[in-house]
Amino acid sequence: MNLLILGRGKTGSLVAEVAQERRHHVRIAGAKENADGAALSSDKLNDVATVIDFTAPHCILANIEACVKAGKNMVVGTTGWYKQIDHVRALVERHQTGFVFAPNFSIGVNLFFDAVRTAAAALRYEYSGQIFERHHAHKKDAPSGTAIALQGVIRESSGAAEDLEITSFREGEVVGLHEVVFESAADRIYLCHDAKSRRGFAEGAVRAAEWLAGKKGFYEFKDVWREL
Ligand SMILES: NC(=O)c1ccc[n+]([C@@H]2O[C@H](COP(=O)([O-])OP(=O)(O)OC[C@H]3O[C@@H](n4cnc5c(N)ncnc54)[C@H](OP(=O)(O)O)[C@@H]3O)[C@@H](O)[C@H]2O)c1
């Protein structure tokens, strides 16, 4: 496939590496090449099959709008835009493109979501719960998109009226650590996912782009990763 990777940062660079290993043709554009959407004009996107975005909250909506309006499929790893999700879904449906997004493209985290979904039954048995997330000091959004997704998984599966509190820590070079703790008077249940590197995110994103080829529709990775 001809892939355009947006973002030359920590994750985007690794996505490009993984995509090349999987024999895709890859172009990559960072902030400089894509100033004011310069990398997303219709002639620049002409031969691109799918755009994979790992950029930043300040530019993600403009990137999505340009690519979707040009009829391009997209895989979006960038977080911090989920309040606009209805707007983006409507845009994708109007332009009949394919779109996969996730706060976390790692298969391990998606397995972790399943474990948390099961353990969330604790909230129906006099347990309280808390979410903790730790990331490197350069991360721009807090709480992390993954922590917000954990809140949603727990809300849906437990039926609890209130969302669990999220506590965020920003320190050093932590790739991404998420903990869910359920506590009763009698005991504590700890669930933890600790990313050792960014490779899991990059592989998931490239495989999502492969899965999306020839498809239309608005998908979240947690609902499709089992089909990869
Ligand atoms: N879904 C997942 O699995 C997952 C995993 C990891 C990270 N993320 C998310 O992905 C995003 C990027 O994370 P990261 O750790 O890779 O951050 P990062 O290292 O800061 O990289 C972001 C890159 O985006 C570039 N950029 C900024 N504006 C741009 C634009 N208009 N067009 C193209 N590129 C632009 C920046 O380029 P310059 O350096 O040239 O300014 C920077 O290199 C964040 O939102 C993060 O939360 C998601």
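This is a predicted model: local features need pLDDT of at least 70, side-chain atom pairs count only at pLDDT 80 or more; totals for chains, interfaces and linings use all residues.
**Entry 1: the pockets**

I looked up which element gives the largest share of the lining of the largest pocket, and I found H3, with 6 residues. Residues are numbered from 1 along each chain as its sequence is written, and side-chain values use heavy atoms, with hydrogens and water left out.

A pocket was taken as an open set of points on a 1 Å grid over the protein atoms alone, where a 1.4 Å probe fits, with protein on both sides within 12 Å along at least five of seven lines; lining residues have an atom within 4 Å of a point. Volume is the space filled by probe spheres set on the points, which are joined across faces, edges and corners.

I noted about 1000 Å³ for the largest pocket. Its lining holds 48 residues, and those closest to the centre are Thr-11, Phe-54, Thr-55, Ala-56 and Thr-78. Two or more lining residues come from each of helix H1 (10-21), helix H3 (57-69) and H6. I sorted the lining by class (Ala, Val, Leu, Ile, Met, Phe, Trp, Tyr, Cys and Pro as nonpolar; Asp, Glu, Lys and Arg as charged; the others, Gly among them, as polar).

H6 gives the largest share, 8 residues. By class I recorded 12 nonpolar, 7 polar and 7 charged residues.

**Entry 2: aromatic pairs**

I paired rings of Phe, Tyr and Trp (its six-membered ring) when their centres lie within 6.5 Å; planes under 30 degrees apart count as stacked, over 60 as edge-to-face and the rest as tilted. This gave 10 aromatic pairs.

I examined Tyr-82 and Phe-101: their ring centres are 5.7 Å apart and their planes stand at 50°, so the pair is tilted. Tyr-82 is in the loop between strand S4 (73-76) and H4, while Phe-101 is in strand S5 (residues 98-101), so this pair ties together parts 19 residues apart in sequence. For burial I used relative accessible area (buried under 20%, exposed over 50%, partly exposed in between; 1.4 Å probe, protein chains only). Phe-101 is buried, at 4%.

I then took Phe-99 and Phe-218, whose ring centres lie 5.3 Å apart with planes at 15°, so the pair is stacked. This pair links distant parts of the chain, from Phe-99 in strand S5 to Phe-218 in strand S10, 119 residues apart. Phe-99 is buried at 0% relative accessible area, and Phe-218 also counts as buried, at 17%. I noted that Trp-81, Tyr-82, Phe-99, Phe-101 and Phe-218 form one aromatic cluster.

I compared helix spans with expectation (1.5 Å times one less than the number of residues). H5 (residues 107-119) has 13 residues and reaches 19 Å from first to last C-alpha, close to the expected 18 Å. Its buried residues are Val-109, Asn-110, Phe-112, Phe-113, Val-116 and Ala-119. Among the elements that cover them I listed helix H6 (145-158), strand S8 (177-183), strand S9 (188-194) and helix H8 (221-224), with contact meaning heavy atoms within 4.5 Å.

The 14 residues of H7 (residues 199-212) should span 20 Å, and the end C-alpha atoms are 20 Å apart, which agrees. I found Phe-201, Ala-202, Gly-204, Ala-205, Val-206, Ala-208, Ala-209, Trp-211 and Leu-212 buried in H7. Gly-214 follows H7 and has a positive phi, near 80°.

**Entry 3: backbone angles in loops**

I checked the peptide bond from Ala-142 to Pro-143 and found it cis, with omega near -5°. Pro-143 is placed in the loop between strand S6 (128-135) and H6.

I recorded a positive phi, near 70°, for Arg-23, a residue other than glycine. Arg-23 is in the loop between H1 and strand S2 (25-29) and counts as exposed at 76% relative accessibility. Glu-126, not a glycine either, has a positive phi of about 60°. Glu-126 is in the loop between H5 and S6 and is exposed, at 75%.

Note on methods
Helices (H or I, at least four residues) and strands (E, at least two) are DSSP runs, numbered from the N terminus.
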